[in-house]
There are 2 protein chains.
Amino acid sequence: MLSPTIAAVNDLKWDDAGLITAVVQDRLTGQVRMVAWMNREALEATLSSGFATFYSRSRRALWRKGDTSGHVQHWDELRVDCDEDVVLARVHQEGAACHTGERSCFFRQLRGSDRS
Amino acid sequence: MLSPTIAAVNDLKWDDAGLITAVVQDRLTGQVRMVAWMNREALEATLSSGFATFYSRSRRALWRKGDTSGHVQHWDELRVDCDEDVVLARVHQEGAACHTGERSCFFRQLRGSDRS
């Protein structure tokens with residue numbers, strides 16, 4: 001059971017690059033769809049628009065997920081971890097979350113994981 | 001449906017500090033329990049021991065989750081994202097995942113999330 005207590009955007013601990021890790025989870029299936037990064041502007045855009053918006057470290061630009069693919073993420077709930085340096089977005093995902101077309105970016109096992 | 005393809009530890013993209021983000025998910029409930037960081041040594045220890053092991057950025061040391069609390073994480077499956085810079089560990093968690101005693105570190109909502 002998750003506690004109803006609240007954290008504020010001002011409480012968040014941004015890293016040296018001004019970013020926070022964002023885990024995106026399907027709100028219905030619980031599948032972890034992707035992990036990306038947000039700066040404060042991306043998080044504020046996420047909060048105000050209702051759509052998950054990230055900061056692309058490679059392109060150094062805001063990136064609303066699905067802007068080109070149509071695979072937007074409507075968020076239902078945003079949570080913050082105890083260290084206030086990770087956000088968990090529970091979303092409704094339109095289409096695939098991964099640019100490869102997979103539902104989740106975590107479509108591969110790590111070798112060594114089959115210990116049977 | 002997740003693909004059965006495999007990624008190797010050698011494929012992983014470590015950041016400038018030699019770390020990779022690790023998302024820990026309950027293998028039964030799907031709850032995201034915590035997010036932490038691993039260096040290569042922590043990941044190798046995770047793979048070989050069967051217990052989730054992280055790198056503490058504050059203490060600059062390996063840290064087997066639960067070593068002091070008993071709240072160890074037996075991993076069942078390790079997955080890698082498309083960018084090969086995040087690991088998803090699906091685990092059986094003994095007790096609470098969070099040092100606060102909460103089952104998940106994500107026990108707080110982010111303010112602004114109630115848009116009703």
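Predicted model: local features only at pLDDT ≥ 70, side-chain atom pairs only at ≥ 80, totals over all residues.
**Ground rules**

Residues are numbered from 1 along each chain as its sequence is written, and chains are lettered from A and ligands numbered from 1 in the order in which they are written.

**Entry 1**

I began with charged pairs. Side chains of opposite charge can pair when their charged atoms come close. I took a salt bridge as a side-chain nitrogen of Lys or Arg within 4 Å of a carboxyl oxygen of Asp or Glu. By this rule I get 16 salt bridges over all chains.

I looked up E84(B) next. E84(B) forms a salt bridge with K13(B), and the closest N and O atoms are 2.5 Å apart. This pair links distant parts of the chain, 71 residues apart. E84(B) lies in the loop between β6 (73-80) and β7 (86-93) of chain B, and K13(B) in the loop between β1 (6-7) and β2 (20-26) of chain B. Helices (H or I, at least four residues) and strands (E, at least two) are DSSP runs, numbered from the N terminus.

Are the two partners buried or exposed? I call a residue buried under 20% relative accessible area, exposed over 50% and partly exposed in between (1.4 Å probe, protein chains only). E84(B) is buried at 12%. K13(B) is partly exposed at 44%.

I then checked R64(B). Its side chain meets that of D67(B) in a salt bridge of 3.1 Å, N to O. R64(B) is partly exposed, at 31% relative accessibility. D67(B) counts as exposed at 52%.

**Entry 2: E77(B) and R79(B)**

E77(B) sits in strand β6 of chain B. R79(B) forms a salt bridge with E77(B), with the closest N and O atoms 2.7 Å apart. Both R79(B) and E77(B) are buried. For E77(B) the relative accessible area is 17%. I also listed what E77(B) touches, with contact meaning heavy atoms within 4.5 Å. Leaving out residues up to four places away in sequence, E77(B) touches Q109(A), L88(B), A89(B) and R90(B).

**Entry 3: chain B against chain A**

How much area is buried between chain B and chain A? I get about 4,500 Å², of which carbon and sulfur atoms give 58%. Buried area here is the accessible area (1.4 Å probe) that two parts lose on being put together, summed over both. F106(B), R108(B) and L110(B) supply 19% of the area that chain B buries against chain A, more than any other three residues. The contact takes 51 residues from chain B and 51 residues from chain A.

I count 4 salt bridges between chain B and chain A. The side chains of R108(A) and E84(B) meet in a salt bridge, at 3.1 Å from N to O.

Which elements line the chain B side? β1, β2, β3 (32-38), α1 (40-49), β6, β7 and β8 (108-110) of chain B each supply at least two residues. The largest share, 6 residues, comes from β6(B).

I also looked at strand pairing across the contact. Two strands pair if DSSP finds at least two bridges between them. Strand β8 (residues 108-110) of chain A pairs with β6(B) in the antiparallel sense over 2 bridges. R108(A) stands opposite V80(B) in β6(B).

**Entry 4: strand β2(B)**

I asked why β2(B) counts as largely enclosed by the rest of the structure. The reason is that 7 of the 7 residues of β2(B) are buried. In a regular strand the side chains alternate between the two faces of the sheet. I20(B), A22(B), V24(B) and D26(B) point one way from β2(B), and T21(B), V23(B) and Q25(B) the other way.

I traced its partners. β2(B) pairs with β3(B) in the antiparallel sense over 6 bridges. The bridge partner of A22(B) in β3(B) is A36(B). The two strands β2(B) and β3(B) form a hairpin with 5 residues between them. In the turn, G30(B) has a positive phi of about 80°. β2(B) runs parallel to β7(B), joined to it by 6 bridges. D26(B) stands opposite V91(B) in β7(B).

Terms used:
Heavy atoms only, no water.
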